[in-house]
Amino acid sequence: MPLPNVISLNASEPHHALTIAPPPTELVLNGRIRVPGDKSISHRALMLGALAEGETTIAGLLLGEDPHSTAACFRAMGAKISALNTEHVTVQGIGLGRLLEPEDVLNAGNSGTTLRLMLGVLASQPGCFFTVTGDSSLRSRPMSRVVQPLRQMGAELWGRKDAAFAPLAVQGTTLRPLHYHSPIASAQVKSCLLLAGLMTEGETTITEPALSRDHSERMLKAFGANLTVDPDTHSVTVTGPTKLNGQAVVVPGDISSAAFWLVAGAIVPGADLTIENVGVNPTRTGVLEALTLMGADITQEKQRLVAGEPVADLRVRYAGTGDRPPLRACTLAGDIIPRLIDEIPVLAVAATFAEGTTVIQDAAELRVKESDRITVMANQLNQMGARITEQPDGMEIVGGTPLTGATVDSYTDHRIAMSLAIAALAATGTTTIHRAEAVAVSYPDFVTTLEQICLT
C-alpha cells in the first residue's frame, strides 16, 4: 500500500510546493506505471490532422498543457478538433493551403514545438497574415534556427531582434525549395522545414550532422506525403506540393516521461518498476543506452509495433548490492546527445549515484530549453550535496556523494521539477520543490503516480 506522509503537495496560489520526505527505514518503489502519451507524437498528430483532408482520430493523446496550445492554435485557423482526452480525439482537417487567417494572435503557451513547427506551416500559406507568441519563457527562446532557413525559402517573417524571438509576424507566401544543411541535429528544425516543404513546388531536403528523432518522417509518410529518407547522410526530402489524408493515430507512452521512473528504479534500493506501453523509437532510446552503459538493470518486454512506432514495456530493477553503488560513471557526448537531450536532467540525477565521474558534452542546446538546464540542474543538485561542475556544453558530475534534502526550485521547468523529485526519493531528509506546478506541461499525473509507487 502507498506509504503515507512521503509525498505532500501544497497547491496554494500562486505556486505549488512539492515536499518529499523518504522514511528513515528503506523506501520501496514497486508497481506498474502508465506514462502519458508521447508529447512529440501528440503535437504532430494534431498538426497533421488539421492539415489533412478528412478525419483523423487520435488515441492516447498527451493531456499536458503543450498539446492544448497546439490544438487551440489550429482551431483558431479553422480545424475542428474535439475536446482533448486520452481515449478518442477527432480532428476534421481543413487541408493544406486552406488554413483561415486567425482573428487574434496565436498563442503557443510554453511549447517550443508548437511555435517552431507551426512557423513552417504559416510561412507557406499564401495570402494569410499571422501573429504568434508564447509565455514569458517561450518568448526568451531562440527562433532564428527556424527563421533563417525559412527566409532562405522566401518566407516573410518579422519580430524582435530580427525575428530571433517571439512575438513574430508571418506573411504567408509561395516558398521555393531548399537543401538545408542544418548546423545542429534538431527534430524541431527538420520538422518545421518539412512542413513548409509540403506546400512548396519541388524537393525540400534537410541534412543534419547526426540523426534526430524521426516522428515527423514516420507520421508524414503515414498521412501520404511524398517523403524519402537517406540514413547514410542523415537527410530527409519531401516533394511538394502534396496532399495529406486523415489517419487513425495511436500515441505510445512518452519515453521522456518514462525516464524519470527508469532512473528512480535504478537509484532507490529494492526498486522494481515496470513502465507499460512506452515508445522505443530508435531515435529516442538514447536514455536506455545511457542507463545500460551505466549498469542499470533494464529489460524490454512485450516488444511490438503500434501504428508504425515500436513499443515495449520497460522493467527496471535496482542493481546495487551491499556497498557497491548501483551505477557506474560514463561519458555522454556526440551522436547520442540528440537522442537523449530531454532526458539529460534526470540522467544528471542518476550520475550523482554512480561510481566515478560522469561527463556530459555537446549538450549546449540545454541552455535554451524552458530554462538553462545546465545551470539550473547543477545549482539545484549541488544544494542537495551533489558535486557538479558546469561546462559550456554540459557538466561533470562526481558520483558517490550522498544527497540530503534541501529547498530547491524548478525554475518553472517541468523536467527540472520531476528530476529533482526523483533525486529527493534517494536523498536523506526532506526536500521541498518550489514551482512544482510546472510538471503539468508534460505529465499532469506525475505526483499521483509518485504517491502510488512509494510503498511500505
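**Close-up views: rings, charges, cysteines and a sheet**

Phe446 is buried, at 0% relative accessibility. Here "buried" stands for under 20% relative accessible area and "exposed" for over 50%, with "partly exposed" in between (1.4 Å probe, protein chains only). A quick word on the model: it is predicted, so local features need pLDDT of at least 70 and side-chain atom pairs count only at pLDDT 80 or more, while totals for chains, interfaces and linings use all residues. Residues are numbered from 1 along each chain as its sequence is written, and side-chain values use heavy atoms, with hydrogens and water left out.

**View A. Phe260, Trp261, Tyr443 and Phe446 make up one aromatic cluster.** Rings of Phe, Tyr and Trp (its six-membered ring) pair if their centres lie within 6.5 Å; planes under 30 degrees apart are stacked, over 60 edge-to-face, and the rest tilted. That rule gives four aromatic pairs. Take Trp261 and Tyr443: the ring centres are 6.2 Å apart and the planes meet at 90 degrees, so this pair is edge-to-face. Trp261 belongs to helix α9 (residues 255–267) and Tyr443 to the loop between β26 (431–434) and α14 (446–453), so the contact ties together parts 182 residues apart in sequence. Helices here are DSSP runs of H or I with at least four residues, strands are runs of E with at least two, and both are numbered from the N terminus. Trp261 is buried at 0% relative accessible area, and Tyr443 is buried at 1%. Trp261 also pairs with Phe446, this time stacked, at 5.1 Å centre to centre with 20 degrees between the planes. Helix α9 holds Trp261 and helix α14 holds Phe446, so to speak two distant parts of the chain, 185 residues apart.

**View B. Arg435 lies over the face of Tyr411.** Arg435 is 5.5 Å from the ring centre. To count, NZ of Lys or CZ of Arg has to be within 6 Å of the ring centre and within 35 degrees of the ring normal.

**View C. A network of salt bridges links Arg141, Arg213, Asp342, Lys369, Glu370, Arg373, Asp413 and Arg415.** A salt bridge puts a side-chain nitrogen of Lys or Arg within 4 Å of a carboxyl oxygen of Asp or Glu, and the count comes to 26. Glu370 and Arg141 form one, with their closest N and O atoms 4.0 Å apart. Glu370 comes from the loop between β22 (357–360) and α12 (373–383), and Arg141 from the loop between α4 (136–139) and α5 (144–152), 229 residues apart. Glu370 is buried at 12%, and Arg141 is buried at 5%. Arg415 and Asp342 form another salt bridge, 3.9 Å from N to O. With Arg415 in helix α13 (residues 414–425) and Asp342 in the loop between β20 and α11, the pair ties together parts that are 73 residues apart in sequence. Both Arg415 and Asp342 are buried.

**View D. Arg339 meets Glu289 in a salt bridge.** The closest N and O atoms are 2.7 Å apart. Arg339 is in the loop between β20 (331–332) and α11 (344–352), while Glu289 is in helix α10 (residues 286–293), 50 residues apart. Arg339 is buried at 15%, whereas Glu289 is partly exposed at 36%.

**View E. The structure holds zero disulfides.** A disulfide would need a pair of cysteine sulfur atoms within 2.5 Å. Cys128 is in none, and its nearest cysteine sulfur, in Cys73, is 15 Å away. Cys192 has its closest cysteine sulfur, also in Cys73, at 14 Å, too far for a bond. Cys128 is buried at 12%, and Cys192 is buried at 0%.

**View F. Four strands line up as an open sheet in the order β7-β8-β10-β9.** The pairing is mixed, and two strands pair if DSSP finds at least two bridges between them. β7 (106–107) and β9 (156–159) are the edge strands, each with a single partner, so one side of each has no neighbour in the sheet. β7 runs parallel to β8 (residues 129–133), joined by two bridges. Asn107 has Thr133 as its bridge partner in β8.
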